[in-house]
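Try each task yourself before you look at the solution below it.

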Amino acid sequence: MKAVSTRHKWGDREERSPLKSETECARCGVVRASLKRFDEHGRGSFWKEFWRDGERLDAGDGMTPPCDARLERQRDAAGLRVPA
Ligand SMILES: [Zn+2]
């Protein structure tokens with residue numbers, strides 16, 4: 001089986017707030033949010049979250065979920081996509 005690229009094609013980063021920026025994959029529509037939080041001692045923690053259609057994707061501890069351009073093609077094949 002031929003390997004399929006699972007690399008996302010991230011778009012421009014958009015600052016949503018001083019503690020949050022987002023970028024969207026042009027191929028599969030996953031949104032990667034980069035978040036920051038500071039505790040009462042001023043120590044910062046940083047993490048990323050991945051979202052699609054309002055649902056959080058959980059790929060496990062800080063892992064990037066694979067690019068789902070493949071899923072998109074499967075949906076096309078099944079005719080489940082709403083025409084533009
Ligand atoms: Zn992607």
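**Exercise 1. Find the residue in S5 that stands opposite Trp 51.**

Step 1. Trp 51 stands opposite Arg 56 in S5. Strands here are DSSP runs of E with at least two residues, helices are runs of H or I with at least four residues, and both are numbered from the N terminus.

Step 2. Strands S4 and S5 are antiparallel and share three bridges. Two strands count as paired if DSSP finds at least two bridges between them.

Step 3. Now look at the turn: the hairpin of S4 and S5 has two residues between the strands, and Asp 53 takes a positive phi near 50° there.

Before you go on, two notes on reading the model. Residues are numbered from 1 along each chain as its sequence is written. This is a predicted model, in which local features need pLDDT of at least 70 and side-chain atom pairs count only at pLDDT 80 or more, while totals for chains, interfaces and linings use all residues.

**Exercise 2. Describe the strand order of the sheet and say which strands stand at the edges.**

Step 1. Along the sequence they follow the pattern β-β-β-β-β-α.

Step 2. The five strands make an open sheet in the order S1-S2-S3-S4-S5, and their pairing is antiparallel.

Step 3. At the edges stand strand S1 (14-17) and strand S5 (55-57); each has a single partner strand, so one side of each is left without a neighbour in the sheet.

Step 4. From one strand to the next, the twist averages 35°. For such angles, axes are lines fitted to C-alpha atoms (for helices over the stretch in contact), and the angles run from 0 to 180 degrees between N-to-C directions.

**Exercise 3. Decide whether Ala 33 and Val 30 are buried, partly exposed or exposed.**

Step 1. Recall the rule: a residue is buried if 20 or more other C-beta atoms, placed from the backbone, lie within 10 Å of its own, exposed if 12 or fewer do, and partly exposed in between.

Step 2. Ala 33 belongs to strand S3 (residues 31-38). It is partly exposed because 15 other C-beta atoms lie within 10 Å.

Step 3. Val 30 lies in the loop between S2 and S3. With 21 other C-beta atoms within 10 Å, Val 30 is buried.

Step 4. List some contacts, which require C-beta atoms, placed from the backbone, within 7 Å of each other. Beyond its neighbours within four places in sequence, Val 30 is in contact with residues including His 8, Phe 50 and Pro 65. The C-alpha atoms of Val 30 and Phe 50 are separated by 6.6 Å, although the two are 20 residues apart along the chain.

Step 5. Widen the view: 6% of the 84 residues of the protein chain count as buried. In S4, the number buried is zero out of nine residues, so S4 lies largely in the open.

**Exercise 4. Find where confidence is lowest and where it is highest.**

Step 1. Confidence is lowest in helix H1 (residues 69-78), with a mean of 57, and highest in S2, at 97.

Key:
Contact = placed C-beta atoms within 7 Å. pLDDT = per-residue confidence, 0-100.
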